[in-house]
Amino acid sequence: MNYQFSTRVPKTNEDPVGNILKVAGSSDVISFAGGLPAPELFPVEALKKVTNEVYDQEGRSALQYSIAAGYPKLREQIVARMAQSGINTTVDNVMISTGSQQSIDLTAKMFINPGDTVIVEQPTYLCALDVFRSYGANLVGVEMDDDGMKMMALETALQAHPNTKFIYTIPSFQNPTGRTMSVARRQKVIELAEKYDVIILEDDPYGAIRFAGTAVAPIKHFDQSGRVIYMSTFSKILAPGMRLGWIVADTALIKKFTLMKQSADVHSDNLTQHIVARFMAEYDIDAHIQKIQSVYGQRERVMVAAMAEHFPASVHYSRPEGGLFIWVEIPGNIDTQALFETCIAHNVAFVPGDPFYPNAATPGTFRLNYSTMAEDQIKIGIERLGTAIKETMANAVKV
């Protein structure tokens with residue numbers, strides 16, 4: 001049968017990132033390609049305990065249908081967490097989502113008509129790009145430096161695209177670059193959004209995982225007019241399999257989000273919401289996050305030290321103060337796919353930079369993840385990667 005798919009469905013079944021991860025998943029390959037939290041840090045025993053308590057004490061209500069906005073107790077706990085990071089809000093401004101990906105999808109569905117412009121960092125989270133494209137968005141990338149999105153370039157993009165619906169940004173420990181937007185630029189992006197009357201979608205899945213430097217308040221902290229939609233997740237601070245995230249926004253927007261969510265999945269998993277709420281009531285989630293910070297910080301330091309030892313001096317890489325990723329830029333017109341294949345021959349893997357770009361990709365760029373690999377494997381893998389980079393650069397010079 002010839003299926004008549006909507007324009008939102010990809011025209012091919014090609015999954016380049018999935019293919020990369022499949023190759024990288026070989027037992028012989030040291031893979032820095034994934035973006036996964038470290039599974040040994042999941043609080044399995046604590047979650048098992050509170051799950052049993054939920055079944056014993058709240059089973060009937062936890063297994064029943066619930067409201068689309070989410071379990072009120074969990075939303076109250078999120079309000080308290082938001083206050084810690086500088087966002088003063090209320091339960092009425094919070095909605096629980098089925099992970100950050102649903103928050104992105106609901107926002108795109110609410111605001112994007114085919115042809116509308118969405119401004120994004122360049123590079124940015126590849127799955128967000130896929131969502132925006134599926135709703136027919138015109139994607140406009142804004143270049144970054146080590147302090148995040150360049151504000152002069154952002155204003156130029158806003159001037160050139162008056163049909164911009166929103167600016168999508170990951171200001172803290174960005175995926176894929178690991179960069180953090182400076183305070184001055186966070187304030188400036190608010191100023192520009194006000195000037196050009198656009199919304200900001202602030203994606204903050206990694207902000208709690210700071211292991212170096214000084215904490216920076218979210219963009220939402222500087223929002224005085226309800227222009228910022230803030231989203232975060234329990235995936236990086238608890239466990240991704242639980243599929244719980246949240247949105248903080250103006251009450252008028254939350255009402256719309258709630259209606260959109262009802263039509264999407266009625267509500268996020270009610271049992272899981274009860275489990276997470278009880279975990280947060282009985283355990284110190286900040287102490288748990290500190291363990292994550294400590295482990296990731298040490299692994300990042302090991303990776304950076306190995307890169308300094310084994311990478312050519314001309315190769316540039318980011319120095320994240322938190323999160324999961326390091327971004328690498330090799331000078332010259334390096335074929336990233338050729339580099340990837342050379343790396344696989346050396347039994348080491350990364351994610352090429354191409355899928356993270358809204359339009360033309362910068363050659364010789366790729367993302368490394370340090371959160372899931374043991375320190376000895378990081379050292380071996382980076383040594384292999386350094387050898388592959390040197391070989392690829394040498395071959396490029398010969399050509």
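Is Cys127 buried, partly exposed or exposed? Cys127 counts as partly exposed, because its relative accessibility is 27%, and buried would require under 20%. The notes below concern a predicted model.

1. Cysteines. Cys343 has 0% relative accessibility and therefore counts as buried, whereas Cys127 is partly exposed. A search for disulfides across the whole structure returns zero.

2. Helix α5. This helix covers residues 126-134. Its buried residues are Leu126, Ala128, Leu129, Val131, Phe132 and Ser134. Just after α5, Gly136 adopts a positive phi of about 85°.

3. Salt bridges overall. The count comes to 21.

4. Asp286 and Arg81. Their side chains meet in a salt bridge, with an N to O distance of 3.0 Å. Asp286 belongs to helix α10 (residues 285-310) and Arg81 to helix α3 (residues 72-84), so the pair ties together parts of the chain 205 residues apart in sequence.

5. Asp116 and Lys165. What is the separation of the closest N and O atoms in this salt bridge? The two atoms are 2.7 Å apart. Asp116 sits in the loop between α4 (99-111) and β3 (117-122), and Lys165 in strand β6 (residues 164-169); the pair links distant parts of the chain, 49 residues apart. Asp116 is buried, with a relative accessible area of 11%. Lys165, at 26% relative accessibility, counts as partly exposed.

6. Glu300 and Arg319. This salt bridge has an N to O distance of 3.6 Å, within the 4 Å cut-off. Glu300 lies in helix α10 and Arg319 in the loop between β10 (316-317) and β11 (325-329), so parts that are 19 residues apart in sequence are tied together. Glu300 is buried, because its relative accessibility is 2%. Arg319, by contrast, is exposed, with a relative accessible area of 54%.

7. Asp286 pairs with Arg81, and Glu300 with Arg319.

How values were computed
Residues numbered from 1 in each chain as written. Predicted model: local features only at pLDDT ≥ 70, side-chain atom pairs only at ≥ 80, totals over all residues. Heavy atoms only, no water. Disulfide = S-S within 2.5 Å. Buried < 20%, exposed > 50% of the residue type's maximum accessible area, 1.4 Å probe, protein only. Helix = DSSP H or I, 4+ residues; strand = E, 2+ residues; numbered from the N terminus.
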